[in-house]
Amino acid sequence: MGIEIERKFLVSGDGWRAAAREVVPMAQGYLNDLAILDSGAMKASVRVRIAGDAAYLNLKSRELGHTRQEFDYPIPVADARALMALCTGGTIDKRRHYVEHQGHLWEVDEFLGDNAGLVVAELELQHADEAYARPDWLGREVTDAARYYNLALATRPYADWSADERSGQAP
């Protein structure tokens, strides 16, 4: 069983762009939706992702916070395309920028389409209390804010958020 320990932050400014060592286009969708998870009928999201020339089927336990179970399996790209046609809600399109900062690899997701304008940085850790240096382009932590999870963005994209939600004033 895989365990993911991840922190999620908003990004302020473009200081991270020059440090990006690689950029990978990604498209992903979900075979279940937020409502079925929120109802308790399912306890994991089921995602299909095409990342560059590779594809994956991913299952992630539905828990707020920085630690959850995660299972990630490579699949043929043709299968991923077929599964994308079965997804509920919208598709997430983004560019993932890999940025090294003081011994840690940050994944900066620049969202496109209905989520354009949203930029989020994620950091995977080895243990929950691992220390890390905060880059100067890192904004407010949103690890516990469900609306920033990709499954939530597929259901209710950034384009549909109120001004208060976008500014972080709404819960």
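Me: How much space lies in the largest pocket, and which residues lie nearest its centre?

Reply: A pocket can be described by its volume and by the residues that line it. In this predicted model, about 490 Å³ of space lies in the largest pocket, and of the 30 residues lining this pocket, Glu4, Arg47, Arg49, Lys60 and Glu70 lie nearest its centre. Sorted by class, the lining has 15 charged, 11 nonpolar and 4 polar residues.

Me: Is Lys60 buried or exposed?

Reply: One compares the relative accessible area with a cut-off, and buried means under 20%. Lys60, which lies in strand S4 (residues 54-61), has a relative accessible area of 16%, so Lys60 is buried.

Me: With which residues is Lys60 in contact, leaving aside its neighbours within four places in sequence?

Reply: Lys60 is then in contact with Glu4, Lys43, Ala44, Ser45, Arg47, Arg68, Gln69 and Glu70. With Glu4 there is also a polar contact between the two side chains, at 3.3 Å.

Me: How many aromatic pairs does a search of the whole structure find, and why is the pair of Trp106 and Tyr132 edge-to-face?

Reply: The search finds 6 aromatic pairs. An angle between ring planes of over 60 degrees counts as edge-to-face; the rings of Trp106 and Tyr132 have their planes at 75° and their centres 5.9 Å apart, so this pair is edge-to-face. The pair links distant parts of the chain, 26 residues apart, with Trp106 in strand S7 (residues 104-111) and Tyr132 in the loop between strand S8 (119-124) and strand S9 (138-141). Both Trp106 and Tyr132 are buried, and together with Phe9 and Trp137 they form one aromatic cluster.

Notes: Residues are numbered from 1 along each chain as its sequence is written. This is a predicted model: local features need pLDDT of at least 70, side-chain atom pairs count only at pLDDT 80 or more; totals for chains, interfaces and linings use all residues. Side-chain values use heavy atoms; hydrogens and water are left out. On a 1 Å grid over the protein atoms alone, a cavity is a set of points where a 1.4 Å probe fits but cannot get out, and a pocket is an open set with protein on both sides within 12 Å along at least five of seven lines; lining residues have an atom within 4 Å of a point. Grid points are joined across faces, edges and corners, and a volume is the space filled by probe spheres set on the points. Ala, Val, Leu, Ile, Met, Phe, Trp, Tyr, Cys and Pro count as nonpolar, Asp, Glu, Lys and Arg as charged, and the others, Gly among them, as polar. Helices (H or I, at least four residues) and strands (E, at least two) are DSSP runs, numbered from the N terminus. Buried means under 20% relative accessible area, exposed over 50%, partly exposed in between (1.4 Å probe, protein chains only). A polar contact is a pair of N or O atoms within 3.5 Å; within protein, one must be able to donate a hydrogen and the other to accept it, and residues adjacent in sequence count only if both atoms are side-chain atoms. Contact means heavy atoms within 4.5 Å. Rings of Phe, Tyr and Trp (its six-membered ring) pair if their centres lie within 6.5 Å; planes under 30 degrees apart count as stacked, over 60 as edge-to-face and the rest as tilted.
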